[in-house]
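Below is a short briefing on one structure. Please keep the sequence and the 3D view open while reading.

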Amino acid sequence: MNTEREKKAHLPLTGRRYNSVDEFLAGECVSADVRSAVSTLDKETAVVETLIRARRDAGLTQQQMADKIGKTQGAISKLESSSDPEITLEELAAYAKATGQNFGVMIGKPMNHIESVKYHAFGIKEHLSKLAKEAHRNEEVEQAVQAFFGEAFFNILTILSKCHDEMPNGSTIQVRMRKVGNASPTPQLREPIIPAESR
Amino acid sequence: MWQIEATQQWDKDRKWYEKKRPAELAAVLHNLKRYVLQLNSAPNAKAFTAGYMHHEPHGIVALDQKGGGGNLQETRLYVYPHEERKVLFIITIGNKDEQPSDIQFCSEFVESFASNG
């Protein structure tokens, strides 16, 4: 027996209820060191948790998932209890197929926030460019793409504005653009979109 | 969505573990997060299993320290998922040696809880 600890007593409940474990840890004053250690462990199971959420969103129990992908419920339980490095691409593909979702896999050093924003910005540019080409097909497609461009433009500006408001001095926004060679007058994504000193 | 509430005994346990066994505490709390995700993803608390969870008498579930790294002391966080209220009660935490007395302690908690409503 552990003699260092006091004998346990049937003490009442705290009377404090929480909607998530994160809220619980903060509300019950769990130390910052322990919360940080929990957060580090969470990062090792982020992919597995994505798979569990995908199964949940598809309305499947572990047994139903097992039936769908030809495994036992025990195998699903084992997979969902493992850590990310143990997950195989075959298992990711099986979950994607069974749940009708798609998962992107990025291998290597995680991107920082700025790299991540740039990565997604290039992705948006690529997709918008493809949509613009689609718009040449006929008038109906052109109108639909035009409407979507308007919606996307509004949403992207709203996102930028909301995030900028969270800055300490969120009243002004600095935009620096450079025209390169004979390129079109639209901003070039290869040019710095964030001042160098902020990177 | 399940809610979470702890006993005051857990609060005392937590303070002891923060000082003496912080890595074990972090490991079981990480598994608590994983368990709550499963609870919120399942039709009921018995519809899933996981390598880090152990079913004990009276519907009590013990979450261990697996996944927290090597050389950790065997540790159990005892919880009770109350299906009707959709509340997960965090009862106590202990090591492997304390397991029999901890399960007895948790059983008494669940029984008194049931008799008092």
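**Overview**

Along its sequence, chain A follows the pattern β-α-α-α-α-α-α-α-α. That amounts to 8 helices and 1 strand in chain A. The model is predicted.

**Chain A**

- Chain A has 199 residues, and buried residues make up 12% of them.
- Contacts in chain A between residues at least 6 apart in sequence include 45% that join residues at least 24 apart.
- Gln101(A) lies in the loop between helix H6 (89-99) and helix H7 (113-134) of chain A.
- Leaving aside residues up to four places away in sequence, Gln101(A) touches Ala54(A) and Ala96(A).
- From Gln101(A) to Val145(A) the separation is 44 residues in sequence and 25 Å in space, C-alpha to C-alpha.

**The sheet**

- An open sheet is formed by 6 strands, in the order S1(A)-S1(B)-S5(B)-S4(B)-S3(B)-S2(B), and its pairing is mixed.
- The edge strands are S1 of chain A and strand S2 (53-55) of chain B, each of which pairs on one side only.
- On average, neighbouring strands of this sheet are turned by 30 degrees against each other, direction ignored.
- H1(B) packs on the sheet and touches S1 of chain A together with S1 and S5 of chain B. The direction of H1(B) makes about 45 degrees with that of S5(B).
- H2(B) also packs on the sheet, where it touches S2, S3, S4 and S5 of chain B. The direction of H2(B) makes about 130 degrees with that of S3(B).

**Strand pairs in the sheet**

- Strands of a sheet pair through backbone hydrogen bonds, either parallel or antiparallel.
- Strand S1 (residues 13-18) of chain A pairs with S1(B) in the antiparallel sense over 3 bridges. In this pair of strands, Arg17(A) stands opposite Glu5(B) of S1(B).
- Strand S3 (residues 61-64) of chain B pairs with S4(B) in the antiparallel sense, over 4 bridges. Val61(B) has Val79(B) of S4(B) as its bridge partner.
- S4(B) and strand S5 (residues 87-95) of chain B are antiparallel too, and they pair over 8 bridges.
- The hairpin of S4(B) and S5(B) has 4 residues between the strands, and in it Lys86(B) takes a positive phi near 55 degrees.
- Why is strand S4 (residues 75-82) of chain B largely enclosed by the rest of the structure? The reason is that 6 of its 8 residues are buried, and a residue counts as buried if 20 or more other C-beta atoms lie within 10 Å of its own.

**Where the chains meet**

- In the contact between the chains, 45 residues of chain B meet 38 residues of chain A.
- Strand S1 (3-7), helix H1 (8-20), H2, S5 and helix H3 (99-116) of chain B each supply at least two residues of the side that touches chain A.
- Which element gives the largest share of that side of chain B? H2(B) does, with 13 residues.
- By class, the side of chain B that touches chain A has 22 nonpolar, 14 polar and 9 charged residues.

**The pair of H2 helices**

- Helix H2 (residues 32-43) of chain A packs against helix H2 (residues 22-39) of chain B at an angle of about 50 degrees, and their axes are 8 Å apart.
- The angle makes H2(A) oblique to H2(B).
- The crossing in which H2(A) passes H2(B) is right-handed.
- On H2(A), the contact is made by Asp33(A), Val34(A), Ala37(A), Val38(A), Leu41(A) and Asp42(A). On H2(B), the residues include Pro22(B), Ala23(B), Leu25(B), Ala26(B) and His30(B).
- By class, the contact of H2(A) with H2(B) has 10 nonpolar, 1 polar and 3 charged residues.

Technical notes. Residues are numbered from 1 along each chain as its sequence is written. Chains are lettered from A and ligands numbered from 1 in the order in which they are written. This is a predicted model: local features need pLDDT of at least 70, side-chain atom pairs count only at pLDDT 80 or more; totals for chains, interfaces and linings use all residues. Two strands pair if DSSP finds at least two bridges between them. Axes are lines fitted to C-alpha atoms, for helices over the stretch in contact, and angles run from 0 to 180 degrees between N-to-C directions. Angles under 35 degrees count as roughly parallel, over 145 as roughly antiparallel, 65 to 115 as roughly perpendicular and the rest as oblique. A crossing is left-handed if the near helix is turned anticlockwise from the far one by less than a right angle, and right-handed if clockwise. Two residues are in contact if their C-beta atoms, placed from the backbone, lie within 7 Å. Ala, Val, Leu, Ile, Met, Phe, Trp, Tyr, Cys and Pro count as nonpolar, Asp, Glu, Lys and Arg as charged, and the others, Gly among them, as polar.
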